[in-house]
Every structure is written in C-alpha cells, then in structure tokens.
Amino acid sequence: MSATPRGVRRRAGSVALGDLLRREASAERAAAAGGGERPAVAAGQAGRAKKGEDLALLKPACERRPGAPSTSFSAFALFDGHNGSAAAVYAKEHLLGNVLGCVPADLSGDEWLAALPRALVAGFVKTDKDFQTKAHSSGTTVTLVIIDGSVVTVASVGDSRCVLEAEGSIYYLSADHRFDASEEEVGRVTECGGEVGRLNVVGGAEIGPLRCWPGGLCLSRSIGDQDVGEFIIPVPYVKQMKLSNSGGRLIIASDGVWDALTAEMAFSCARGLSPEAAADQIVKEAVASKGLRDDTTCIVIDIIPPKKPKSTIESPKTPGKGLGLLKSFFLRKTLSDSLSVADKDNYPEPDLVEEVFEDGCPFLSRRLNSEYPVRNMFKLFACAICQIDLGSGQGVSIHEGLSKPGKLRPWDGPFLCHSCQEKKEAMEGKRHSRESSSRNSGSSE
C-alpha cells in the first residue's frame, strides 16, 4: 500500500537503523557528559464536539519497566468513534496496555523498536476481539503514535491521519482506510464476502462515498463495527521513522480537520505556535472553512532535540557490514545528503531515515511472522495475539492453510489459540463467527 508519500525526497546513500541507534546512543552518552539529554516531547490538544465521539490520549511520560527511566517513551492516540462512543472509550482504555503486553519487558532499546510493529498488530487485533464480546455496534478509527527518543512509530486504522513536518518536508505516517481511497481494500472486502457500493436512492441513483453493506460503513479497517462483518478488520498500517538531530512536529487529527485542510495548510497556519496553541488554531481553521459538521479534534506534538553536543561519533560504517539486529528487519533506510560537508565531517548523524519500517498488509500470517532474530523476542508457546499460554496441541500455527507455504511448515510458530484463529479466519472471510445485522445507512462513519 505504499507509494512514497508526497513531499518525501528520495536520497542517496543508506544506513541501517541498528547503526543509527548505536550512534545515537554514543551521542547521548556524550551529551550526558555535557548536561544534555534525549529529545524532549511537548504536546497540546484541542477539539470541537458535534457528536462527542472523538477521544484523545496524551501520555508524554511512560516507562516500559516502571522505575526504569531508560525504558521511557511517549504515547499519543486519537480515536474517532462512530455509531456511538463505546468503541473509542474502550480502545482508549485498553489499546496501549494490550500493545505493551505483547512485548517482553526486558528487551533492549533496539529490540523493543524492532518488536513494536508486530506488537502493534497483535494489540490492535486483541483490542477489537475483546471489545466485540461487549456486543456493541459502535466502531472507531485509531491513530496511535509511540515516540522513543528520535524514533516515531505510528499504527492506524480508519481515516484519522498523522503527518510529520521535518527538515522542511512533510511526511504522511498513516494510511487512509476509506474505500474511496483504496481499490485493494475494496477487492479484499469483496473477496471476503462483503458488498461495496454507494447508497442507492429513489430512481436507482447512487450517491455518497463507497460503503460496505450491510451496515453502510465507508471504512475498510476499524476497531469494533461487529455488525458490519469481521472483514472490516483492525489490522493496522504501521510506519516507523527516525528523525534527525533537528527534531520535528507531528499533527494527529480526525477527519473533521482533514476534510477541511491539507497537511500543508495545517502546518502553515500553526507555524511558530506552541503545541497547545497550534492545535487550537488548526481546529479553528478547519471549523471556519467547513463549519462544525463533525467532531473536530487535533493533537500537535513537538519533538525537541537537545543542543547538539560536540561529539566524537564514529564515522558511518559501510552499509552491509556489522548492521546488527535490525539489518534484515527494516525495509528502507536512507541517509540524508542535506548536511554540509563540514557538518558531515564533524557530526555524521544522519538527517532523516525514510520508511525505516512500513507495512499495511491485511493478513496476520504475514504481519505476525518475524524472521530471525526478532522471532526470539516473543514467547514461543503463547498465543501471538491474546498472549495466553498454550498447552501441548492447543495452538494453531499462523501458517496453517497457506496455499504456498514455501519453507514454512504448519508446526512452525507463531501460534494462535483457537479463539484467535477463528478471529483470523473471520477477517479473511473464511468463517462468519456472528451474524451481521444492518444499520441505518445514515448512522455510519
């Protein structure tokens, strides 16, 4: 799913994230000796309510292991509910904990970042699976941002968006899961048993956006929405990027903002303002442009780097030699050419790494599988989604039933419990675990 976002420049040269993190650690040690520290995070939120179904999560100071500052990170999320706020409320209360529960607490920093994309997939699916036992018909978009030092990881379902401005360019860190935006998602849902089309009115005319029937939902991915059908999936698009020593600004906003403003307009109208004032200004601009036709919510996050230390950082290693743990795990790594020659000689910290990790595939057999050595970061005999321990003969390999398994065998892990295997099959259209019921077509997202 993934063309290069607008505003992203392809740059010559490459470097692995493992090397970047090691160099960053060296810089942090040098900075600590001179009183420096990791990048600071400042955030602000603003919103105007129409239905009261938007919720935000701002946790700038979290620790993977309580009492261990070295495991600190920040988490921010936006939940745009529809058909009620129950799904948004539930996801706000449980999603982050479910994600963290899928990652062993004793991982090193680079191991944690390598494990995070898979943990986000498992955490999203677990949150959806658990919520659907509550028998609510509501649903929610989710855009979850985790910031660890200068590494930003974003997971998203639905049409709320996260955008980044850094080094004079704008980067799109989330996917738009509206049917109108993706022929691939239309094809996936149709193959799984859903019907996608526009609303029919008297005389046979079709109006409005593409929707999934029954239910009339215009999103192909969300948390909740059990009455539409489980082929409307909670498997998130995940993107991970590493910022430069110049930091950057993130905007997370619901469609009430993006239906009125482009990313360029949002950054421009708030430039020079504090995060709180910037979020408020973006909401004001959106409402002034389109009126308050929907809940309109915005979170602005500034990643503020410490003062650049006088450092004796090692020269970059030749790509392909000694890349360490993350060599084979991340997809594309890029070294900027924007630093001056003198800066490169004295401070070879890379400018920006584009698409360190990116995956929007809807299939759990791909998203939960990990090549060595990342697979060793997870418990072998536990469900990869709900984390319950599996006894002998209780687990089902995520590779079972693959038409072209290649070197994989049905007894290779990761494994799912039978309940999560049923969820996986339902999302793939192989099993309808509950009857779908129609909604009022005017009440959907």
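Lys424 sits in helix H10 (residues 418-427). Helices (H or I, at least four residues) and strands (E, at least two) are DSSP runs, numbered from the N terminus. With a relative accessibility of 3%, Lys424 counts as buried. Buried means under 20% relative accessible area, exposed means over 50%, and partly exposed lies in between (1.4 Å probe, protein chains only). Neighbours within four places in sequence aside, Lys424 is in contact with Leu364, Ser365, Ile398 and Leu416. Contact means heavy atoms within 4.5 Å.

The model is predicted: local features need pLDDT of at least 70, side-chain atom pairs count only at pLDDT 80 or more, and totals for chains, interfaces and linings use all residues. Residues are numbered from 1 along each chain as its sequence is written, and side-chain values use heavy atoms, with hydrogens and water left out.

Confidence was examined next. pLDDT is the predictor's confidence in each residue, from 0 to 100. The protein has a mean pLDDT of 81, and 74% of its residues reach 70 or more. Among the elements, H6 has the highest mean pLDDT (98). The lowest (37) belongs to helix H8 (residues 341-346). Over residues 309-350 the pLDDT is below 50. In the model, this stretch has 99 contacts beyond near neighbours in sequence. Residues 29-36 also stay under 50. For residues 29-36, the model has four contacts beyond four places in sequence. Where pLDDT is low, the predicted coordinates should not be read in detail.

Helix packing was then considered. Two packed helices are described by the angle between their axes and the distance between the axes. Helix H6 (residues 263-270) packs with helix H7 (residues 275-290) at an angle of about 125 degrees. Their axes are 9 Å apart. Axes are lines fitted to C-alpha atoms, for helices over the stretch in contact, and angles run from 0 to 180 degrees between N-to-C directions. H6 and H7 are therefore oblique to each other. Angles under 35 degrees count as roughly parallel, over 145 as roughly antiparallel, 65 to 115 as roughly perpendicular, and the rest as oblique. H6 contributes Ala266, Cys269 and Ala270 to the contact. H7 contributes Ala278, Gln281, Ile282 and Glu285. By class, the H6 contact with H7 has five nonpolar residues, one polar and one charged.

Leu164 lies in strand S6. With a relative accessible area of 0%, Leu164 is buried. Leu164 and Val152 are 12 residues apart in sequence.

Backbone geometry was examined last. Most residues other than glycine have a negative phi, and most peptide bonds are trans. Glu167 is not a glycine, yet has a positive phi of about 55 degrees. Glu167 is found in the loop between strand S6 (161-166) and strand S7 (169-172). At 30% relative accessibility, Glu167 counts as partly exposed. Asp225 also has a positive phi, near 55 degrees. Asp225 is in the loop between S10 and strand S11 (237-242). At 0% relative accessibility, Asp225 counts as buried. A cis peptide bond joins Trp213 and Pro214, with omega about 5 degrees. Pro214 lies in the loop between strand S9 (206-213) and strand S10 (223-224).

Key
Nonpolar A, V, L, I, M, F, W, Y, C, P; charged D, E, K, R; others polar.
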